[in-house]
Amino acid sequence: MASEIIVRTEKGEYVGGDMLYGCVYLRVTEQLQSTFVKLVIRGYEISEYDYTYIEEQEGEAIVPKTRKRTARKDIVKFESKLIDYPGGFPVGNFAYAFMQQLPAGIPGVFTLNHVDPGGKSWEGLIRYSVSAQLEPATSEQRSGAEVPVVVYDNIHCRNPSVPPEDQTATGSVKTFFCISRGSVQVTVGIKRSAYDITDKIPVTVLIRNDSSSEVTGCTVKLIRIIKLLGTDRTKQEEQLTANTLFDTIAEMVQDGCPRATTVRRDVDLDLSRFAIGIGIPPSCSGSIVKCSYIVDVDVHVPWAPDIEVRHMLTIRPPTNSAWSDWRPPSWISNCTQVPVLGPCSVPPDITSNQRAGLCPGEEVICVLSPPIGSHTFSGMPGFQPLL
């Protein structure tokens, strides 16, 4: 093999707006026709679902037919020449560090491949990757590498221990819908802002019954809403049409509350127990692929409408196993660090872990991007942290 190329990022999981740091490792053992390395950062979403329509034909029976609606949208599409050797690559082992900021507000990763009881398929995908390619590529010499990147849908996935605000609703209890018998207040809380698919979700329901009626019970549900948008290209549709999969994936019934008292009900929703069928795909907020989760609490009071409280919930995607399971080949530790120029260049200052300076147009001191040799690159082969 004339060459070997590897891409490594400094971590496996990101949030929109993060700076993505990484390195391209290249081993060249003989003359190559390629003269430069191209770095590509991609993110996209794809949706596809079956829908039923009826096509009437004169003199024939009306038969429902099934077709597909699809859509695709690029989220991130970045390409840049990382390093250029006009006279050809020298023989040796090289490391090219790079950095590039991810756009803010991009949706989290998502995968869905489901067939519902009616036989209709639902497919959704949001994916990100970083790749490096030797260019120009020839049929005899094709060398490239690609690694997946996990992007979280929001900052709560990174700091899930931060508790969200409790949600409260108050309902009036009336006899014959006009004679007041007091009120019932319901407060719902969850301890974390994001959960993994193997977690138990502790839900606290506080019922304050200031009425003369008895609360007969409460129902706690975990609701999943998946929405895919697409067009039927064979019909030349221009407007995106949504199809929504709405289902209850967990439900538990709890006791109510006597009149003029306050009670607390603690419920554990075990996600692993209910991860059947299509499982528990992560929360995402794409343009054509969307998935959300709601903790829905209904408190039942005779002679009054149910008091409903909804609490949004974020489900995190699994961690990046491709990143955590990676093992470097032995030659990587003997690479020569070569600085790159252009939009992906990393500050070469290796005199301190962080460089302080003035931001353009500002009068305050800010911390600039971590340089090569800082602890940002300390987990990557060939880069040693500064002391």
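## Nonpolar cores

The largest nonpolar core holds 89 residues. Val24, Val37, Phe89, Tyr96 and Leu222 have the most contacts inside this core. Strand 15 (residues 215–230) supplies the largest share, seven residues. Another core lies apart from it, with 13 residues, including Tyr21, Cys23, Trp331 and Ile332.

A nonpolar core here is a set of buried Ala, Val, Leu, Ile, Met, Phe, Trp, Tyr and Cys residues joined through side-chain atoms within 4.5 Å. Buried means under 20% relative accessible area, exposed over 50%, partly exposed in between (1.4 Å probe, protein chains only). Strands are DSSP runs (E, at least two residues), numbered from the N terminus.

## Basis of the model

The model is predicted: local features need pLDDT of at least 70, side-chain atom pairs count only at pLDDT 80 or more, and totals for chains, interfaces and linings use all residues. Residues are numbered from 1 along each chain as its sequence is written, and side-chain values use heavy atoms, leaving out hydrogens and water.

## Around Val37

## Rings and charges

There are four aromatic pairs (Phe, Tyr or Trp rings, the six-membered one for Trp, with centres within 6.5 Å; planes under 30 degrees apart are stacked, over 60 edge-to-face, the rest tilted). One of them is Tyr51 with Tyr53, tilted at 40° and 6.1 Å centre to centre. Tyr51 is buried at 8% relative accessible area; Tyr53 is buried at 12%.

Lys235 lies over the face of Tyr53, 3.8 Å from the ring centre. The charged end of Lys81 sits over the ring of Phe36, 4.5 Å from its centre. The criterion is NZ of Lys or CZ of Arg within 6 Å of the ring centre and within 35 degrees of the ring normal.

Conventions: Helices (H or I, at least four residues) and strands (E, at least two) are DSSP runs, numbered from the N terminus.
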